[in-house]
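This report describes a structural model, beginning with the confidence of the prediction and then turning to the fold, the interface and individual residues.

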Amino acid sequence: MDKEIVVDVHELQPPEPMQRVLDALDTLVDGQYLKIIHRMQPFPLYDILSDNGFKYKATDGEVSVFDIYVWRAKDKAAEKTIQDIISI
Amino acid sequence: MNYNQLSIDQAPSISAPFIFFLSAPLFAIAAALILIFNGPEIFQDRWLAQNLAITHLVTLGFITMVMIGAIFQLLPVLAGAPIPRPELSSRVIYGFYASGVICLATGFNTSHQWLIKIALFLLAIAFLVLLILVSIALFKSDVSGGSAKGMRYSITGLWIAVILGLTLAAGHAWDSIPLLRHITGLHIAWAGIGWISMMIISIAYQVIPMFQITANYPKIIDKHLSTGVFLILLIWSLSYYAGTTEGFSLQWLKTLTALTLSLLLIAFASMTIRMQIQRKKRMADATLYFWLTGLINLIIALLLYCFASLLNLDLDFLIGIVFFIGFAISIINGMLYKIVPFLVWLHLHRKLAFKAGSRSTIPTMNDVISSRKSLLQLYLHTLALLLTIAAVFMPERFTYLAAITWLINWSLLSLHLIQSILLYRSCLTSK
């Protein structure tokens, strides 16, 4: 099982990026996280994530402007993996 | 670089922008009705009181009304700068603002000075609250980039336009206060360029690449255009004001800065049109056509202005219509067809996205306002614009036709917006 699910939305028109992300969130299992490739910080998505028990972290992107990591707030294993990636 | 978690609840509830959006077409309908009641004589003299009523119903009642609503929504999203207590502040601003515009337009239309006095106080309070809240939010925001910078200039432009406007209104309201008609040009320039155009430019930096999947604006435009426009507008204003002082003229500087300003804005419009033509996905919708209509009208308005300045012609009526209706209203109207369905969709997702089985029942953006509906209104808008331009040259023949087309057009927009909010409510109550 891959720990990372990549969702590349940087060339999609709103509201497709959020739709894709919400669909991908449904498939997350323990230890997994999303890496969203986005051209902007999706502030409206952040509200939905926070309201529904997810955490997120945005970093400078490799493919587009931002990479945004999303994981379940309770999932400490996924959080640890992301911390390791970001601190590299 | 890591980005810290942004504060939750960045976006206000749907009611904060929607009270402004839903009201705006009603003010435009009022403008169309005044045009119908007064007929072709409206086009005889720009200083007619009824003209001032129509102008302010359009610029304050429609254009600025929508822009204030959009600010509540866009500041958190584009600049990461939420306005504190958006529900309360939007209602307070709306109450003073909407009643202020009604009093101002009625005051002009009926030549009742006491109404203009009341309007002055109501609008002063509304703008003061708005500008202080927005200025604090914007200047506290650490989001950089062309969009946030342009918004800061735009709000500064609104401060200046409002101060000039209140000064002019005071001259209309009190006989003891001189009516400084010579500063009208400054008021129009700061409202039209400093506030409206600057805000449209700032929003374009974000929404054109985002909604129309184009390349980003070239760095030089993104970084420097808004600063250039602001500074040149400032120098133009000084030379304009100097020109109103007896025995002192900086006409050459005024002409030079006006031409430079026009060139900068024409460059922006041409670049945006080019990006839209070269967009990565070939799909087109009403919003794209509204933008193209608006940008082409901006170019025409500026060329007419340059032409009139160089040849010393009076084309004020035509330029005003092409700029404020052809450019500003086209783009704002087009944006409503993106923002309103998007907000309905977004807020339904905020409330229902993680409720079992709910997500699949949330309407798509096209369900909220279909492309067929928005295209129909685009055609009506374009027809009404052309008829209004024709009325400038042949008022007897075209004024009533234009006014009635506007009336139908704004009523249709109003209907589409009301249907959107009703759909939103029905989705929530059925869950």
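The model is predicted. In chain A, confidence is highest in strand β2(A), with a mean of 96, and lowest in helix α2 (residues 43–51) of chain A, with a mean of 87. Over chain A the mean pLDDT is 90, and 99% of the residues reach 70 or more.

Strand β1 (residues 4–8) and strand β2 (residues 33–38) of chain A are paired in the parallel sense, over 5 bridges. Within the pair, Ile5(A) is placed opposite Leu34(A) of β2(A).

The interface between the two chains involves 25 residues of chain B, in contact with 22 residues of chain A. On the side of chain B that touches chain A, at least two residues each come from β1 (2–3), α2 (49–79), α6 (184–212) and α10 (316–352) of chain B. The most is given by α10(B), with 5 residues. By residue class, this side of chain B comprises 16 nonpolar, 5 polar and 4 charged residues.

Helix α1 (residues 15–38) of chain B contains 24 residues. From its first C-alpha to its last, α1(B) reaches 35 Å, close to the 34 Å expected at 1.5 Å a residue. Gly39(B) follows α1(B) and has a positive phi, near 65 degrees.

Asp367(B) is located in helix α11 (residues 365–368) of chain B. Because 14 other C-beta atoms lie within 10 Å of its own, Asp367(B) is classed as partly exposed. Phe248(B), by contrast, belongs to the loop between α7 (219–243) and α8 (251–277) of chain B. Phe248(B) has 9 C-beta neighbours inside 10 Å and therefore counts as exposed, the limit for that class being 12 or fewer.

| Residue pair | Separation along the chain | C-alpha distance |
|---|---|---|
| Asp367(B) and Gly69(B) | 298 residues | 23 Å |
| Phe248(B) and Pro395(B) | 147 residues | 38 Å |

How values were computed: Residues numbered from 1 in each chain as written. Chains lettered and ligands numbered in written order. Predicted model: local features only at pLDDT ≥ 70, side-chain atom pairs only at ≥ 80, totals over all residues. Pairing = 2+ DSSP bridges. Helix = DSSP H or I, 4+ residues; strand = E, 2+ residues; numbered from the N terminus. pLDDT = per-residue confidence, 0-100. Contact = placed C-beta atoms within 7 Å. Nonpolar A, V, L, I, M, F, W, Y, C, P; charged D, E, K, R; others polar. Buried ≥ 20, exposed ≤ 12 C-beta atoms within 10 Å, placed from the backbone. Expected span 1.5 Å × (residues − 1).
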